[in-house]
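Student: I am new to this structure. Please take me through one part of it closely, starting from the core and moving out to the strands and charged pairs around it.

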Amino acid sequence: ESLPSARFAHATAYDSVRDFIFVFGGQTLTGPSNELFAIQISSNLVLNLAIPNAPAKRSSSGAVSLNGKFYLFGGLGSDNAPLGDLCVFDPERLAWEDLSPVAGGQAPTPRYGHGMTTAP
C-alpha cells in the first residue's frame, strides 16, 4: 500500500513483537485523522488498518506499544477539545477496545501533547 498522507502531531509507537511502527491519526491537510497504519521495518510493508470502532479523530495524542498491543491516550479532538480516553489496538484480533474507566473510576485529566513510555 502507499505511505500515509502528509501529517503532523500524529502518535507513533514501535511494536518489537512484530517489528511494526504504528502510526495513528494526526493533523492532515483535511483535518484530524483516525487512520491507523502499520509499517513493517524489515520489509517496508505499509498497511492501512481500517478497523471498525477506531477512536475518534485526533492529533497530539500519546501512544506506546506494550506486549504487542498499541495503546493510545488523549489528544485534541476534531473540535480542538482535549480528550481523556484510553484505547488499545490488538493486532492479533484486529480490534480496538476502549479502556476508559467506567462511571466512578478515576482517569487522568484530558490532555494533549504529552508523551507515553513503558518501564521494564
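**The core and the strands around it**

Tutor: Start in the middle. The largest nonpolar core has 15 residues. Those with the most contacts inside it are Phe-22, Leu-36, Leu-49, Phe-70, Leu-72, Phe-89 and Trp-96. Five elements are named as giving two or more residues to this core: β1 (11-15), β2 (20-28), β3 (31-40), β7 (69-77) and β8 (82-90). Of these, β2 gives the most, with 3 residues. There is a general background to this. In soluble globular proteins, nonpolar side chains tend to be buried together.

Keep in mind that this is a predicted model. Its mean pLDDT is 93, and 97% of the residues reach 70 or more. Among the elements, strand β4 (residues 45-48) has the lowest mean pLDDT, 94. Strand β5 (residues 58-59) has the highest, 98.

Now look at β1. Its side chains alternate. Ala-11, Ala-13 and Asp-15 point to one face and are buried. The general rule is simple. In a regular strand the side chains alternate between the two faces of the sheet.

Next, follow β1 to its partner. β1 and β2 pair in the antiparallel sense, over 5 bridges. Asp-15 stands opposite Phe-20 in β2. The two strands form a hairpin with 4 residues between them. In that turn, Asp-19 has a positive phi of about 60°.

Go on to β7 and β8. These strands are antiparallel too, and 6 bridges pair them. Gly-75 has Leu-83 in β8 as its bridge partner. This hairpin has 4 residues between its strands, and Asn-80 takes a positive phi near 65°.

β8 also pairs on with strand β9 (residues 95-98). The two run antiparallel, joined by 4 bridges. Val-88 stands opposite Glu-97 in β9. Here again a hairpin forms, with 4 residues between β8 and β9. Leu-94 in the turn has a positive phi of about 50°.

Now the charged pairs. A search of the whole structure finds 6 salt bridges. One of them joins Glu-92 to Arg-18, with the closest N and O atoms 3.3 Å apart. This pair links distant parts of the chain. Glu-92 sits in the loop between β8 and β9, and Arg-18 in the loop between β1 and β2. They are 74 residues apart. Glu-92 is exposed, with a relative accessible area of 68%.

Another salt bridge joins Asp-90 to Lys-69, where the closest N and O atoms are 3.9 Å apart. Asp-90 lies in strand β8 and Lys-69 in strand β7, so the pair ties together parts that are 21 residues apart in sequence. Asp-90 has a relative accessible area of 10%, so it counts as buried. Lys-69 is partly exposed, at 31%.

Asp-90 has a further partner. Its side chain meets that of Arg-93 in a salt bridge (3.8 Å, N to O). Arg-93 counts as exposed because its relative accessibility is 51%. Elsewhere, salt bridges that share partners join Asp-15, Arg-18 and Glu-92 into one network. In general terms, side chains of opposite charge can pair when their charged atoms come close.

β8 gives residues to the core, pairs with β7 and is joined to β9.

Conventions:
Residues are numbered from 1 along each chain as its sequence is written. This is a predicted model: local features need pLDDT of at least 70, side-chain atom pairs count only at pLDDT 80 or more; totals for chains, interfaces and linings use all residues. Side-chain values use heavy atoms; hydrogens and water are left out. A nonpolar core is a set of buried Ala, Val, Leu, Ile, Met, Phe, Trp, Tyr and Cys residues joined through side-chain atoms within 4.5 Å. Buried means under 20% relative accessible area, exposed over 50%, partly exposed in between (1.4 Å probe, protein chains only). pLDDT is the predictor's confidence in each residue, from 0 to 100. Two strands pair if DSSP finds at least two bridges between them. A salt bridge is a side-chain nitrogen of Lys or Arg within 4 Å of a carboxyl oxygen of Asp or Glu.
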